[in-house]
Amino acid sequence: MVAVGGPTGSGKSDLALAIAAEFNGEIVNCDSLQVYRHFDIGTAKLPLEERRAIPHHLIDIINPDELFTAGEYAKLAREAIAGISARGRLPIVVGGTGFYLRALLDGLFEGPSRDQALRDRLAARERRRAGSLHKLLGRLDSEAARKIHKNDVPKVTRALEVCLLVRRPVTQLFRAGRDALRGYRTLKLGLLPDRDALYERLDLRCARMFEAGLIEEVLHILSLGYAPTVKPFESHGYRQALQFVNGELSRRDAIFYAQRNTRQYAKRQITWFRREAGLVWLKGFAGTPGIYEAARFRVTSFLNS
RNA sequence: GGAUGGGUGGCCGAGCGGUUAAUGGCAACAGGCUGUAAACCUGUCGCUCCUUGGAGCUACGGAGGUUCGAAUCCUCCCCCAUCCA
């Protein structure tokens with residue numbers, strides 16, 4: 001299979017589409033927000049008519065108020081990939097959520113999924129005394145406590161949750177290894193445009209999203225009955241559009257902050273993919289001259305090896 | 001013309017004689033990430049040099065002054081805001 005990563009706006013979808021068209025592939029989304037229905041404009045979801053009749057998987061699969069996690073993603077993505085392979089086609093995983101890609105390829109550790117009741121109790125404890133969760137983790141699993149910064153409450157919470165649920169240190173479970181995907185070879189490609197050019201393009205794209213009706217989309221989602229506190233509304237673009245709707249930001253500022261957060265996100269994605277083992281960087285946008293040829297060459301030699 | 005409040009590092013904003021290269025926040029840059037990851041978190045952040053630790057230089061609108069010592073006090077000037085003419 002082929003995986004295409006890189007920062008938002010680098011043209012991952014276009015490249016994946018071109019590879020799919022040429023190598024008889026099907027696309028598996030690896031973007032944590034495109035899985036949500038109704039969140040279209042701000043997630044740069046490729047419209048149906050632009051998908052060139054190539055099957056796309058894991059897009060629009062859950063409602064905005066449904067819980068979705070990396071574990072769930074890995075499970076569904078593996079099913080999709082198995083199906084594509086069974087059809088004799090090439091699975092092409094595309095998206096900017098590096099964590100999901102890792103969960104899919106390398107797997108997660110074997111452990112319990114989240115337990116909301118337990119989390120509520122832990123959160124209450126942390127509210128009473130800030131830092132108490134990290135201290136508790138230090139007692140249950142000193143190694144995990146050392147690795148997770150005390151301010152990173154969400155990660156401290158998850159570690160504690162696991163320790164408490166299985167009555168063993170998370171670190172021990174980690175050592176047992178991850179349930180990596182087996183039976184597939186994967187070529188990992190990453191698009192890496194020039195930073196300034198990328199930022200410029202992101203600013204433009206973001207402004208266009210507002211012109212294209214991002215705010216109206218937010219109003220529509222709200223009109224469907226979804227609360228403004230729903231997870232996907234926390235994402236850049238939607239967050240600001242929502243703030244505009246609530247009168248907390250002018251339209252101009254909403255766009256400004258959405259652009260800024262998008263740029264920061266792109267940087268974080270680059271940081272993540274730089275760490276991805278074996279990833280081959282293609283230095284440019286999907287549309288940069290020579291990039292597609294380089295990708296085709298990589299895929300061809302990968303498939304023939 | 002007069003009155004009052006202000007001018008601080010890329011921005012916002014504390015400080016109001018020494019321990020202040022100057023709290024915070026933002027931005028920027030770099031990094032981390034094992035089930036909500038477009039989330040969450042961390043580091044660096046005036047310049048130059050040397051090895052940790054330091055050394056030097058420049059800096060709080062401008063120019064002077066007081067003082068052992070000033071972003072902090074005084075004088076004059078410039079600019080901004082509001083109010084009175």
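## Basis of the model

Because the model is predicted, local features need pLDDT of at least 70 and side-chain atom pairs count only at pLDDT 80 or more, while totals for chains, interfaces and linings use all residues. Residues are numbered from 1 along each chain as its sequence is written, and chains are lettered from A and ligands numbered from 1 in the order in which they are written.

## The sheet

Helices (H or I, at least four residues) and strands (E, at least two) are DSSP runs, numbered from the N terminus. Six strands form an open sheet with parallel pairing, in the order β3-β2-β4-β1-β5-β6. Its edge strands, β3 (56-57) and β6 (280-282), each pair on one side only. Two strands pair if DSSP finds at least two bridges between them.

β4 pairs with β1 over 3 bridges and with β2 over 5 bridges, in the parallel sense in both cases. Of the 5 residues of β4, 4 are buried. Buried means that 20 or more other C-beta atoms lie within 10 Å of the residue's own; with 12 or fewer it is exposed, and in between it is partly exposed, with C-beta atoms placed from the backbone.

α1 (12-23) has 12 residues, which at 1.5 Å a residue should span 16 Å, and its end C-alpha atoms are 16 Å apart, in agreement. The expected span is 1.5 Å times one less than the number of residues. Its buried residues are Lys12, Ser13, Leu15, Ala16, Leu17, Ile19 and Ala20. Their cover includes β1 (2-5), β2, β4 (90-94), β5 (187-191) and α13 (291-304).

Just after α1, Asn24 takes a positive phi of about 55°. Asn24 lies in the loop between α1 and β2 (25-29), and counts as exposed because it has 12 C-beta neighbours inside 10 Å. Arg167 also has a positive phi, of about 60°, although it is not a glycine. Arg167 is in the loop between α7 and α8 (170-175), and its 8 C-beta neighbours inside 10 Å are why it counts as exposed.

## Nonpolar cores

In soluble globular proteins, nonpolar side chains tend to be buried together. A nonpolar core is here a set of buried Ala, Val, Leu, Ile, Met, Phe, Trp, Tyr and Cys residues joined through C-beta atoms within 7 Å. The largest core has 61 residues, and Ala16, Val28, Ala77, Ile92, Val93 and Leu104 touch the most other members. A second, separate core of 12 residues includes Leu133, Ala145, Ile148 and Val162.

Setting aside neighbours within four places in sequence, Val93 is in contact with Met1, Ala3, Val28, Cys30, Ala77, Leu101 and Leu104. Contact means that the C-beta atoms of two residues, placed from the backbone, lie within 7 Å.

## The surface near RNA strand B

A residue is near the strand if its C-beta atom, placed from the backbone, lies within 6 Å of it. There are 46 residues around RNA strand B, of which Ser32, Gly71, Phe99, Asn151 and Ser235 come nearest. By class, the surface has 13 nonpolar, 18 polar and 15 charged residues. Ala, Val, Leu, Ile, Met, Phe, Trp, Tyr, Cys and Pro count as nonpolar, Asp, Glu, Lys and Arg as charged, and the others, Gly among them, as polar.

α2 (70-86), α7 (153-166) and α12 (251-274) each supply at least two residues of this surface. α12 gives the most, with 10 residues.
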